[in-house]
Amino acid sequence: MRGFSVLASWLILGMAAGAGQAPSTLFLSWEGDPRTTMTAQWMRGPGLGQPPSSGKSETLQWRTAGEGEWKERTAEVLEFPDPKLWRKRQIEYSAMQNKKALFPHPTKRKASEWVFLRVRWEGLEPGRTYEFKTGDSPVWKFRTAPAQLEPGMTFAAGGDSDVTPEAEEILRTAASRDPLFIHVGGDLAYSDGQHVEQEMEFWRIYHRAAQTKEGRLIPLVAGIGNHEVQGGYWKPNQTFAQMREKAPFYYALFGGLYRTEEPVALDFGDYLSLLMLDTGHVTPMERQTSWLEKNLESRKGVPWLFSSWHVAAYPSARGWDSQPMSGYARENWIPLIEKSRTAGVFNHHDHDLQRVETEGKAGRKIMVFGNGAIGAGLRWANCEESARLAKFRAMEHHIYVVSLTADKVVVTAVGRQGQELDRTEIRRP
Ligand SMILES: [Fe+2]
């Protein structure tokens with residue numbers, strides 16, 4: 001009898017844990033105005049808790065920090081893509097067709113073992129902290145961007161994470177500086193738009209690392225790199241819809257921000273803007289140049305204007321012209337940026353630390369902070385042309401922490417132990 005009751009309570013406890021298991025991949029991002037919106041997404045599937053049964057969902061409770069009753073939101077449930085499984089099913093289906101067997105059509109069968117859940121907030125108050133929880137999760141917090149620039153406000157920017165212990169250390173270091181957001185400018189999970197387990201591992205790492213001591217989860221502002229896309233780069237004659245299918249994880253999670261093939265400018269009121277371009281992964285670079293010119297021009301009055309793209313204009317581990325994207329950016333994007341009021345550029349892709357000052361042929365000299373080494377395997381910088389323009393170089397994992405005030409920004413490259421590797425002060429242009 002005692003054995004039965006132990007077994008029964010174990011089963012009940014087990015079922016309860018499954019039903020409300022704290023999501024270990026939950027992360028925040030923005031799909032609209034960072035002052036008034038927020039999006040939370042988390043995944044379910046093997047190792048991440050049971051997906052809700054058909055027609056069911058999970059609920060999330062939230063409120064302004066410390067104030068009043070909890071309000072409830074039901075998450076939207078969406079299938080998380082699993083391209084390898086889709087391909088396997090397609091092969092099975094073709095084999096069945098060849099045998100003329102009467103099997104059900106594969107699209108009628110479960111296409112993926114993974115789902116993701118999404119809650120979107122709109123109409124929030126700027127500069128407020130909110131609390132939320134779901135299932136058995138602790139109470140987490142999020143913060144909207146302030147209405148005006150708050151002196152000392154920081155954000156972090158880097159690229160090329162992968163799912164390494166170094167990535168987790170660097171993301172923790174970034175979080176310890178209390179940034180409003182973390183920007184990863186491409187090559188997040190190294191899942192290549194097809195390895196779903198690797199993608200899930202990245203979100204586990206990001207969830208664990210990108211939170212403050214007070215339990216505030218730090219939104220991720222994502223840019224695209226070659227490792228988001230099957231094949232890495234745009235292919236001639238491919239439409240945006242076709243290319244988007246080659247980056248299924250990226251567009252599942254960030255398609256709310258990247259709705260068209262145009263680049264995205266994320267504006268934080270009238271005090272900070274981040275322009276995120278695509279170095280030919282889904283959209284050819286030539287199609288983005290007039291957008292860049294127009295969007296730099298329309299943000300002339302924004303005191304802190306930054307741009308980010310993945311393939312470095314000033315390569316370090318690669319050669320000066322190893323990839324045509326580098327040359328295209330130097331010849332077409334850098335001059336526009338030199339003519340603008342841009343404070344700095346973030347580049348990635350070469351897995352080391354390099355800060356270059358542009359030559360200023362078209363206007364002002366601009367700092368280009370690179371080259372993507374949050375956690376990906378480090379490479380040795382040997383590009384001689386970039387070396388002549390470089391102000392700092394090191395073979396170190398790092399992320400840049402950018403601290404803003406009204407008249408200057410301080411950009412600090414921080415390493416795995418939180419040590420300062422490089423520091424630049426930029427006066428308001
Ligand atoms: Fe890359």
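G232 is placed in the loop between strand 11 and helix 5, where helices (H or I, at least four residues) and strands (E, at least two) are DSSP runs numbered from the N terminus. The model is a predicted one, in which local features need pLDDT of at least 70 and side-chain atom pairs count only at pLDDT 80 or more, while totals for chains, interfaces and linings use all residues. Residues are numbered from 1 along each chain as its sequence is written, and side-chain values use heavy atoms, with hydrogens and water left out.

With a relative accessible area of 5%, G232 is buried, a term that denotes under 20% relative accessible area, as against exposed for over 50% and partly exposed in between (1.4 Å probe, protein chains only). When residues up to four places away in sequence are not counted, G232 touches N226 and H281, contact being defined as heavy atoms within 4.5 Å. The C-alpha atoms of G232 and G280 lie 8.7 Å apart in space, although 48 residues separate the two in sequence.

N226, one of the contacts of G232, is also a ligand of the iron ion, whose protein donors are D187 (OD), N226 (OD1), H310 (NE2) and H349 (ND1), at 2.1 to 2.3 Å. Donors are here N, O and S atoms within 2.8 Å of the metal (3.2 Å for Na, K and Ca), and sites may look incomplete because water is not among the atoms. The arrangement is irregular because the 4 donor atoms subtend angles of 89 to 168 degrees around the iron ion. Under the criteria applied, four donors count as tetrahedral if all angles lie between 85 and 135 degrees; four count as square planar and six as octahedral if opposite donors are over 155 degrees apart and all others between 65 and 115; anything else is irregular. Along the sequence, the donor residues follow the spacing D-x38-N-x83-H-x38-H.

N226 counts as buried at 11% relative accessibility, H310 counts as buried at 0%, and H349 counts as buried at 2%. H349 is located in the loop between strand 15 (344–348) and strand 16, and has a positive phi of about 90 degrees although it is not a glycine. Strand 14 pairs with strand 13 (residues 272–276) in the parallel sense over 5 bridges, pairing being assigned if DSSP finds at least two bridges between two strands. Within this pairing, S273 stands opposite L305 in strand 14.

Further local features lie elsewhere in the chain. D162, in the loop between strand 9 (153–158) and helix 3 (165–176), has a positive phi of about 70 degrees although it is not a glycine, and is buried with a relative accessible area of 16%. The peptide bond from G370 to N371 is cis, with omega near -5 degrees, and N371 is found in the loop between strand 17 (367–370) and helix 9 (384–389).

R355 belongs to strand 16 (residues 353–357) and is buried, with a relative accessible area of 8%. Leaving aside neighbours within four places in sequence, the contacts of R355 include M367, V368, F369, D422 and R423; the C-alpha atoms of R355 and D422 are separated by 8.8 Å, the two residues being 67 apart along the chain. T212, in the loop between helix 4 (196–209) and strand 11 (220–223), counts as buried at 9% relative accessibility, and its contacts beyond four places in sequence are A175, D178 and I218.

Over the whole protein there are 9 helices and 21 strands. The radius of gyration is 23 Å, close to the 22 Å that the globule rule gives for 429 residues, so the protein is as compact as a globular protein of that length; the radius is taken over C-alpha atoms, and the rule is 2.2 Å times the number of residues to the power 0.38. Buried residues make up 55% of the 429 residues, and among contacts between residues at least 6 apart in sequence, 70% join residues at least 24 apart.
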